[in-house]
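Have a go at each task before you read its solution.

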Amino acid sequence: MSRTIAASSHAPRLHLAARITAAVFGGYAFAWGIVATGASLMFAAGMDFHDAEFLASLLGVLAFLVAFLWAFAARRVWVVWSVLAGGGALLAGTGSFVQSLLV
């Protein structure tokens, strides 16, 4: 009986730690992907580099805020991790690909 009580008392802490980690690191990865993709696509479309970088950074800050809040509002942590880490990797790869085409 005491073993199930002890096990269940650690589960909320681990769940919260997983959400905090997803919010901070997953949100950062997703925002970084937004910035990389946005800046490279806007520069490729003819915008000045510094303007594209600044606008993409503003969008990245907003994306981080949304991702951070969503990490705590979502029902399942694995969905948050999948979307933020997977989406961040996909966006960063897209930004890198577009940058390689510009060089």
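**Exercise 1.** Decide whether F25 is buried or exposed.

Solution. F25 has a relative accessible area of 56%. Exposed means over 50%, buried under 20% and partly exposed in between (1.4 Å probe, protein chains only), so F25 counts as exposed. As for where F25 sits, that's helix α1; helices are DSSP runs of H or I, at least four residues, numbered from the N terminus.

A note on the source: this is a predicted model, where local features need pLDDT of at least 70 and side-chain atom pairs pLDDT 80 or more, while totals for chains, interfaces and linings use all residues. Residues are numbered from 1 along each chain, and side-chain values use heavy atoms, leaving out hydrogens and water.

**Exercise 2.** Find the residues that make up the largest nonpolar core, and the elements that give two or more residues to this core.

Solution. Look for buried Ala, Val, Leu, Ile, Met, Phe, Trp, Tyr and Cys residues joined through side-chain atoms within 4.5 Å. Now zoom in on A74: skipping residues up to four places away in sequence, A74 touches R19 and V80 (contact means heavy atoms within 4.5 Å).

**Exercise 3.** Work out how far apart L14 and R76 are in sequence and in space.

Solution. Start at L14, found in helix α1 and exposed at 61% relative accessible area. Along the sequence, R76 is 62 residues from L14; in space, C-alpha to C-alpha, they're 13 Å apart.
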